[in-house]
Amino acid sequence: MTDDPQPDDDASSTSRGSSVDGPYQIKSENTFPRSHLIHTIIGAEETYSRSLLSSGHGFAFWDIDGSHLRGPQSTEQQDAVWLQGMSLGDVGMIDPHGQFIFLFNIFATATDPLHQGVVPEEFEEFRPSLNRDSEVKVIPEYFKSGTIISSMGVNIKRISDSPLKISMSSTVREGAILVLPHGGSREDLISTSQLTEYIERHALDWYQYTCQHARSSARTIPNGSLYLITGCDRAKSWCAMAFPSKWKDAGKQIEMTYEGEEFPCWLPSRWAREQTLSLSEGKDRNFCVFARGIHISLSNRLWVRHLPYRPPDEASYYNILAAPVLGFRAKIARIRERLMRDSDFLWDGHQKFPFHPSVLISQVLLEQHPTADIALVEDSVWTDLAKNGTGTLPEVTNWIIQAIMTSELVKLNRLVSLVSKASDSPAASAMGFIQGLLAKYANWRARNRVLRQVTKVLRSP
């Protein structure tokens, strides 16, 4: 964490100027985004995505309407992407403004109108072709009309259903609400195991292509940016809201009302920022409100050898909350801000990176397996663990530890990934007293080992 960077001297790998197998191996540069601890709430897009991790639905895009529209595209490609919306098999990245930057789709051919010939040099679509009838699970009405999804500590009262009218109140330091007036659908790949070898073959080529061609608000592309979409929640109308609108209002009593049939909104608007799209404005398009997928990362060693050098002053940072958003410590943080009369915003000149648990887990996997070159992490390993959380540092640390300890780490050639662990271990009640104590001790040691690795990643300079 940038507050207290502590390099680990006993971890070594290859520098830019040395060979992988050479005798002069020193610590490689960190090619992943760095962590930055904050006490003060920063930005609607960041607050919204972080707060709704607790929903368990995946990553929530703040700029729902703008997502999926940018990248290395021609005008014709932008039109095709605009009409189709986010799809299973899309490969892209999440930019600092909460948008998904579309690059290409692994289930479409290079000549598909979606691509307009703009694909990686070694691109080949995934084979065999995706059979949507047998390989995709679709739930058309997963979210009922009038669904309200809110973060922890937000009190919701439904006043009426037709027209939809809602009131909210809260004293949490940050929060978010998503209203789906006309409901929404869900679709997911039933299995992703068949994608592993395909991703391993192409991951480096995809990153080289992205670094050379991607157009986004990000100045540089950090390691861990590539995101393969395996699940989407879609809606034709929505109202996304994040509060507070100003850091000085964090922790104040907020009361707002949502109403309006044609152009719904939250009032009074001074407390929050919102993004709204009505059914008529959407023109019958489907917009992705939550996504689930696979984050793809490379080892620092592989990145340094094959991808552009990024000076330290261009490093990307993601923010993690140091103080809780509710409770006694949240009140202390509010008092601190009043006394200091200032915020601890990330200093100018550094590029923001959207916080995503899968990127942190990828780093831990590569730390555990230093000879691996590629790490894949599916969002499914942490989404249930994040339910009813607020995204503070202790919670994030626990999510990662639990995700790693409750999943099985698999190494295949140059690749490491997490898969669900079979529940064939005997229950504690079925063990003898001594065996139970030994199992608890082994679990304690394993947890502390993972904690050390997570701490090392968070403190990477």
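A salt bridge is a side-chain nitrogen of Lys or Arg within 4 Å of a carboxyl oxygen of Asp or Glu. By this rule the count comes to 19 salt bridges. The structure is a predicted model, in which local features need pLDDT of at least 70 and side-chain atom pairs count only at pLDDT 80 or more, while totals for chains, interfaces and linings use all residues. Residues are numbered from 1 along each chain as its sequence is written, and side-chain values use heavy atoms, with hydrogens and water left out.

**Salt bridges**

- R132 forms a salt bridge with E187, and their closest N and O atoms are 2.5 Å apart.
- This pair links distant parts of the chain, since R132 lies in helix α3 (residues 132-135) and E187 in strand β10 (residues 184-189), 55 residues apart. Helices (H or I, at least four residues) and strands (E, at least two) are DSSP runs, numbered from the N terminus.
- R132 is partly exposed, with a relative accessible area of 43%, whereas E187 counts as buried at 6% relative accessibility. Here buried means under 20% relative accessible area, exposed over 50%, and partly exposed in between (1.4 Å probe, protein chains only).
- The side chains of D188 and R292 also meet in a salt bridge, at 2.9 Å from N to O.
- K252 forms a salt bridge with D249, with the closest N and O atoms 3.0 Å apart.
- K252 is partly exposed, its relative accessible area being 31%, but D249 is buried at 10%.
- Salt bridges that share partners join E45, E46, R50, E174 and K352 into one network.

**Packing of helices α8 and α10**

- Two packed helices are described by the angle between their axes and the distance between the axes.
- Helix α8 (residues 357-368) packs with helix α10 (residues 433-458) at an angle of about 115 degrees, and their axes are 9 Å apart. Axes are lines fitted to C-alpha atoms, for helices over the stretch in contact, and angles run from 0 to 180 degrees between N-to-C directions.
- The two helices, α8 and α10, are therefore roughly perpendicular to each other (an angle of 65 to 115 degrees).
- In contact, meaning heavy atoms within 4.5 Å, L360, Q363, V364, E367 and Q368 of α8 meet V450, Q453, V454, K456, V457 and L458 of α10.

Terms used
Angles under 35 degrees count as roughly parallel, over 145 as roughly antiparallel, 65 to 115 as roughly perpendicular and the rest as oblique.
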